[in-house]
Amino acid sequence: MSYISDQKPFRGAVRAARSWLHSDAPSLSLNGSWQFRLSPRADVPDTIEWDTIEVPSHFGTPIYTNVQYPFPIDPPFVPDENPTGDYRRHIEVPPEWLGTGRVVLRFDGVESLFKVWVNDQEIGYASGSRLAHEFDVTASLKAGDNVIAVRVHQWSAASYLEDQDQWWRPGIFRDVTLRHSPDGGIEDAWLRASFHDGHGFLEPEIVSEGFPVTLRIPALGIEKVWEDAASVVAFDVGEVRPWSAELPFLYAAALSTTAETVSLRLGFRTVEIRGDQFLVNGRRVVFHGMNRHETHPVRGRVFDEEHARADLARMKQFNVNAIRTSHYPPHPRLLDLADELGFWVILECDLETHGFSALDWAGNPSDDPSWRAACLDRIERTVERDKNHPSIVIWSLGNEAGTGSNLAAMSAWVHGRDPSRPVHYEGDHAGEYTDVYSRMYSSVLETTAIGTDGSRAKLLGCTPAQGARQRTKPFLLCEYAHAMGNGPGALDQYEELVHRFPRLHGGFVWEWRDHGILTTAADGTPYYAYGGDFGEVVHDGNFVMDGMVLSNDVPTPGLHEYKAVVQPIRFSFGAGSVELANLRHSADTSDLAFRWQVTHDGEATSSGDLTVAAIEAGASARVPLPAVDIAAAPAETWLTVEAVLAEDTAWAPAGHVVAVAQLDCSAPRAVAATPREPRWEPGDGTLTLGPAAFDQGTLVRLAGRTVAGPRLELFRAPTDNDEGTSGNPAESDGSLAGVSNAALWRRDGLDRLTTRVVSVSTAPGALKTVSRVAAAHSGRSVVVETVWTLAGDELDLRVSIEPSRGWSTVWPRIGIRFDFPDGDNPIDSAEWFGTGPLESYPDSRHAALVGRFSAGISDLSADYARPQETGHRAGLRSLTLGGGLRIDTVPDTRGRRPGFTLTRHTPQEMARAPHPYQLPPSTTSYLFIDAAQHGLGSRACGPDVWPDFALRPEARTIRLRIR
């Protein structure tokens, strides 16, 4: 088994890398049922009995790591304990395939190293899990029955090059195909299609032993015959429609010999870097991108075209225009879909050696000459397979592999092979061998500095000369806004920088989708598993659950926020008009319709369409607005303007909302006066005030319903960002380097507050309590004054919260909690006038619109893989709970309104549960009314909460009217 630790990427009859072409040559799909046996070691004993397995699929036990290698770092060796699968299948080869041409066995993806036999003859082995490999098996086939055998090892020398942040899942996970390559067919083709001054240009490269070769492009009326290879030269195809991510126009093309025809789809576009600008077809590109792994909760990395198409359509619906294929080439059909639907793609090589960071990069394969052949093979197979795709505008060498001579050699090879696309690699901090300046998770302040002349930016590991070189290049964030759990925050701040500084070209959120694996608990309850749920020796927990889409395809509130922040139409309201700015790259607004609606207190009163002439990309137009009838105070009047699809598209139906904005047209509203303080007298606090009954100052019944509260709540179930320790605390307030905010909250006892009633007072129609709230072993406290006043059929509640001196950290929330035990009529729904329909937080609020909304209690929370804070809706005006209990809010003296959360579990219960199914059975509904919430940030793997959105301990007042 010495080949397991061989750094050579292949041996035997492995053919040279080439394009993935659609051919009319005969082929057999070998997907389906194979015989299979699994051994825990590299040497599979014959005593193991055969079973069956579906191809493509995975075998063995999943292991999740982000950085760690799940085996000793002993390159190029791997342990003897090496899960190994043997595959075997009988096939009938058509007799006409034998004797002419070649028969090629193709594997589109096998993790991590595999060896192939045909009819007991060893063909060879190959590694590079997300890369295509083809074997010439012509000489080993025979008439009649043939047996193909494949041995797949989970661990090999190649595993040191594949330490990506994802599940380790071995097996034949992509297609297996047997193809007859006829004599005189087309071995490879590259039709480099560019666009200049309205014309398309083709620079063809054809590998064939079957000249003459004919090119046909029916839509352009082209039929061109090349008699030999020497006659294949570049030419002007005439006027064409260019390709872009917004207008992905493709021309069907075919290359034919007498023996074979291959088909391609051409997109004419030119990529260039001009100064510090990245341009396509002469216009600056802004990447509103996602890092995309191939993952599915049931199939793992097995490709399903229907699901992939739906996933890309979902990206388009949420204004995503770019994909970084983190951190390997995807299934080749995905790039066909990207060409068709329209995405800017950074195509990344299958390379990451992140685990060597634990050794301070000592022995890193990226800088070891003995690994050079393997590194070069990986980039060659990446580029050659996908070189025909117009959606690919940048090649990326890989991810988090340190730096070194092998990466420089890979870059040199790409520059020599394809000078039409720039080269990216974030780890080239000195800019020695890449064309764009790329960073991960730089803060808003640092990104601002980079956006200017960059002289004040922190350029990692750079000499002054190297820093100056980086500052001449376009800048992009290959990863930012870590979307783990509830978040990320501050998306709008990064977007604003992109529009302020032209050298900033946007970035790619980490990441698109959670990687949960659907499994079941011991009692049969289904849940989405993450690291550690399969008994891994080392793992990185739920760090793999960091997507804008949950494992079950449900978009998170963070994705809705992203859509609102990056929407391609910007609205600027003026007196009686709105300026519409088209922020697109190349598309005008002729595909959009614009409509408006006026609401009074959330109820629609009028609506209509705006007449808008087509606005060119990058241009603006001012459009008159209808006269708005303002409701009588204190009602609120809001004008909403939307840009929607005028017709059906391949990714969304007509009427799909692309962009939206609101304008508050309300008459000025007076701030409600604070009720006059009555003459208080000491009392026992046992009384009834209208619909409320109190026992010793404590609310026990409300509107005929058992209730407890209001109690002070300063704790929230920590988000993944609250638990994070990355980022730069110097840009926040109260955070400590290397210590999570959640740890500080637990240290200060915010999750275990106790209450001491200081005094209870009464007055005619009124009750007041004063309490001191603190945690065990803490001298810090909060004084809470609660005043109930009956006024007619309304009950006025004022809760004043004042912290003592000495609090040194941010707080998660300042709010009160009501507990409603289940009775004959449980509180299981809410109707509200305020912001919605989804949750919102101080640094994630652009998707929140003012209106009337309703939802069941289970729909008010996002089902994150690890229970955490969710469901807060800011700016509450009025709330009606199931059963008819209505609560109106009164703004404070600064006009601020509280928000609400309705849930079936307390923050403390949620904080203790690793998975949703481990939450305790609930017999109570909990209503939180929060004067303020701490922001979300991105500190799970990025910057902390921006200071403006950090919640410092402060005095706040919550005022409600209950009826």
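Visitor: Of contacts between residues at least 6 apart in sequence, what share join residues at least 24 apart?
Guide: In this predicted model, 73% of those contacts in the protein do.

Visitor: And how many helices and strands are there?
Guide: The protein has 60 strands and 11 helices.

Visitor: Why call it as compact as a globular protein of that length?
Guide: The globule rule gives 30 Å for 963 residues, and the radius of gyration here is 31 Å, close to that value, so the protein is as compact as a globular protein of that length.

Visitor: What box do the C-alpha atoms fill?
Guide: Along the principal axes, the box is roughly 105 × 70 × 60 Å.

Visitor: What percentage of the residues count as buried?
Guide: Of the 963 residues, 60% do. The protein exposes about 35,500 Å², and 50% of that comes from carbon and sulfur atoms.

Visitor: Changing topic: how many positive and negative side chains?
Guide: There are 126 negative and 90 positive ones. The centres of the two sets are 5 Å apart.

Visitor: Now helix α8. Why is it described as largely enclosed?
Guide: It spans residues 557–565, and eight of its nine residues are buried, so the rest of the structure largely encloses it.

Visitor: Which residues are buried in α8?
Guide: They are Pro557, Gly558, Leu559, Glu561, Tyr562, Lys563, Ala564 and Val565.

Visitor: What covers them?
Guide: The cover includes two helices, α1 (305–317) and α7 (491–500). Strands are also part of it, including β27 (287–291), β33 (475–480), β34 (504–509) and β43 (657–664).

How values were computed:
Residues are numbered from 1 along each chain as its sequence is written. This is a predicted model: local features need pLDDT of at least 70, side-chain atom pairs count only at pLDDT 80 or more; totals for chains, interfaces and linings use all residues. Side-chain values use heavy atoms; hydrogens and water are left out. Helices (H or I, at least four residues) and strands (E, at least two) are DSSP runs, numbered from the N terminus. The radius of gyration is taken over C-alpha atoms; the globule rule is 2.2 Å times the number of residues to the power 0.38. Buried means under 20% relative accessible area, exposed over 50%, partly exposed in between (1.4 Å probe, protein chains only). Contact means heavy atoms within 4.5 Å. Accessible areas come from the Shrake-Rupley method with a 1.4 Å probe; for residues, only the protein chains shown count as cover. Lys and Arg count as positive and Asp and Glu as negative; His and the chain ends are not counted. The place of a charge is taken as NZ of Lys, CZ of Arg, CG of Asp or CD of Glu.
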